[in-house]
Amino acid sequence: MEAAGRAPSTHPSVEEVFLDFKGRRTAIVKALTTEYKDFFQQCDPGIFLSLSKLFFFFLEIASSAKDDLCLYGFPNEVWQVDLPAEEVPAEIPEPVLGINFARDGMEERDWVSFVAAHSDTWLIAVAMFFGARFGFDKADRGRLFDMINDLPTVFEVAVGKVKKEGKKKPPVSNHSNSKSKSNSKRGSESQRKNSKAMESKEEEQGETACGACGENDAAGVDGFWICCDICERWFHGKCVKITRAKADFIKHYKCPTCSIKKLVNCSFKL
């Protein structure tokens, strides 16, 4: 499949169409997770300046303001925020328009969910478009969909609901170094400290209060808690501005207090 994202000129196999889908999906997952900061900035609902318009910036700055932007994923695992295709109809299905306008009008988590869900729809549309264009029969289409369906959706990965295959939840009596909190009641204080959780807390007596707001509601603000690896205190994810999706990429979490202490200690050493 071509890296530029256009329909190939030869008839691809089911495996080739799946690789095209997989590359585009990987690109969009990057935009919504590991490269999210850059993606968020490029979706500024104000002035959008693409590289193709850079030369004309000082002459036509007004013409680049407030355009409807799309999130594209390409087979070479590169993503891009850009204007929609000029030709109608486009060579392949187009992503949803206007993600930049929705950015500041929604809660950030809701906006990410919105973009992720539309991206899943677009990815399947592109794959099935190739299937239809190149004459895949019922068996081929079914096989392609099964291969796609074996992967977690972009929504599941970005919003943090993907289930890790091959990982069994440890018994309550065992210690765990993961950042996912068991729904079962804690058997001892040592279990609480060593179980690094991200799932909802069950309602129980003597619950730990959030280290930021001091509340000890069982489910947390949105059902998500995270534990500091330094001071071992628990925090509502919302209180420390950590989402489930972000926590998946944090190897060792340090709460704001412990981060400040480290900076202070470093300054004294200097």
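**Pocket, cavity and aromatic rings**

The lining of the second largest pocket comprises 10 nonpolar, 3 polar and 8 charged residues (Ala, Val, Leu, Ile, Met, Phe, Trp, Tyr, Cys and Pro count as nonpolar, Asp, Glu, Lys and Arg as charged, and the others, Gly among them, as polar). The model is predicted, with local features needing pLDDT of at least 70 and side-chain atom pairs pLDDT 80 or more, while totals for chains, interfaces and linings use all residues. Residues are numbered from 1 along each chain as its sequence is written, and side-chain values use heavy atoms, without hydrogens and water.

A pocket is an open set of points on a 1 Å grid over the protein atoms alone, with protein on both sides within 12 Å along at least five of seven lines; a cavity is a set where a 1.4 Å probe fits but cannot get out, and lining residues have an atom within 4 Å of a point. The second largest pocket holds about 540 Å³ of space, a volume being the space filled by probe spheres set on the points, which are joined across faces, edges and corners. Of its 21 lining residues, Glu108, Arg109, Ile242, Thr243 and Lys246 are the closest to its centre.

The structure also holds 1 cavity of 30 Å³ or more. The largest cavity contains about 40 Å³ of space, and its lining consists of Leu71, Pro95, Val96, Ile99, Val115 and Ser119. By class, this lining has 5 nonpolar residues, 1 polar residue and no charged residues.

Turning to the rings, the charged end of Arg103 sits over the ring of Phe40, 4.1 Å from its centre (CZ of Arg or NZ of Lys within 6 Å of the ring centre and within 35 degrees of the ring normal).
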